[in-house]
Amino acid sequence: MKQLLLAFLQTALLLGAPLAATAQQSLVSDPEIYEKDHFRSQCKVVEFGDGFIRRLDINNDGIIDAISDHGAYTCDGERGPACNEDGCPHNFYVQVKEGGYLLIATAQVYGYDFVKRFGNMVFVFKMHPRFCERTDSAPCEMTVRVRGTKFVTISRK
């Protein structure tokens, strides 16, 4: 029961938190600088891999957004210290027209593909099977589209 509640809360964070986050978040001028400064303050020695920040238009509005992968940095010799059996945290930032970026979601995932489906770019997240209410070992594949600042689940398998 405890794991089911945890899975529900993590799914809610992935899919529901963007609504709460936008009302309370302040804009970040550059997610890469913001996150790197955070980890530099947490670690004595930190190294960032090439995949730490990925810049692409995640919400199909023509403005380049950003995704940070917390599995792509090393803190005091430990690679991705926040990663676990559920994967690694990824932060999703949307750039707004007024300037700056808004953190819209954090997801603990094994990885993702960003592909075109029916004319729009969507994420296919690879996640722990419990997010698809399964107990087997095959990763859950959740297809999600970003509309504005909200994640909308299209399918799970």
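Tutor: Before we start, buried means under 20% relative accessible area, exposed means over 50%, and partly exposed is in between (1.4 Å probe, protein chains only). This is a predicted model, in which local features need pLDDT of at least 70 and side-chain atom pairs count only at pLDDT 80 or more, while totals for chains, interfaces and linings use all residues. Residues are numbered from 1 along each chain as its sequence is written, and side-chain values use heavy atoms, with hydrogens and water left out.

Student: OK, so is cysteine 88 buried or exposed?

Tutor: Cysteine 88 counts as buried, because its relative accessibility is 17%. Its disulfide partner is cysteine 83, and the two sulfur atoms are 2.0 Å apart; a disulfide here is a pair of cysteine sulfur atoms within 2.5 Å.

Student: And how exposed is cysteine 83?

Tutor: Cysteine 83 has a relative accessible area of 25%, so this residue is partly exposed. The link between cysteine 83 and cysteine 88 is right-handed, with 115° about the S-S bond.

Student: How many disulfides are there in the whole structure?

Tutor: A search of the whole structure finds 3 disulfides. If you number the bonded cysteines of the protein in sequence order, the pairing reads 1-2, 3-4, 5-6.

Student: Which cysteine is joined to cysteine 43?

Tutor: Cysteine 43 is joined to cysteine 75, with an S to S distance of 2.0 Å, and both cysteine 43 and cysteine 75 are buried. The torsion about their S-S bond is about -115°, so this disulfide is left-handed.

Student: What does that pair tie together?

Tutor: Cysteine 43 lies in the loop between helix H3 (31-42) and strand S1 (46-48), whereas cysteine 75 is in strand S4 (residues 73-75), so the pair ties together parts that are 32 residues apart in sequence. The names come from DSSP runs numbered from the N terminus, with helices (H or I) of at least four residues and strands (E) of at least two.

Student: What about cysteine 132 and cysteine 140, which hand does that disulfide have?

Tutor: The disulfide of cysteine 132 and cysteine 140 is right-handed, because the torsion about its S-S bond is about 50°. Their sulfur atoms are 1.9 Å apart. Cysteine 132 is buried, because its relative accessible area is 13%, and cysteine 140 also counts as buried, at 0% relative accessibility.

Student: Changing topic to sheets: what is the strand order in the one that has S8?

Tutor: That open sheet of 4 strands has the order S8-S9-S10-S11, with antiparallel pairing, where two strands pair if DSSP finds at least two bridges between them. The edge strands, each pairing on one side only, are strand S8 (111-117) and strand S11 (150-156). From one strand to the next, the twist averages 30°, taken between lines fitted to C-alpha atoms in their N-to-C directions, on a scale from 0 to 180 degrees.

Student: How many bridges hold S8 and S9 in pairing?

Tutor: S8 and strand S9 (residues 120-127) pair in the antiparallel sense over 7 bridges, and phenylalanine 114 has phenylalanine 123 in S9 as its bridge partner. In the loop between S8 and S9 you find phenylalanine 118, which has a positive phi of about 50° although it is not a glycine. Phenylalanine 118 has a relative accessible area of 84%, so this residue is exposed.

Student: And which strands are in the sheet with S6?

Tutor: There, 4 strands form an open sheet in the order S2-S3-S6-S7, and the pairing is antiparallel. Its edge strands, pairing on one side only, are strand S2 (53-56) and strand S7 (101-109). Strand S3 (residues 65-69) and strand S6 (residues 88-95) run antiparallel and are joined by 4 bridges, and tyrosine 93 in S6 is the bridge partner of alanine 66.

Student: Which side chain has a polar contact with tyrosine 93?

Tutor: The side chain of glutamate 35 does, in a polar contact of 2.6 Å; the term covers a pair of N or O atoms within 3.5 Å, where within protein one must be able to donate a hydrogen and the other to accept it, and residues adjacent in sequence count only if both atoms are side-chain atoms. Glutamate 35 has its place in helix H3.
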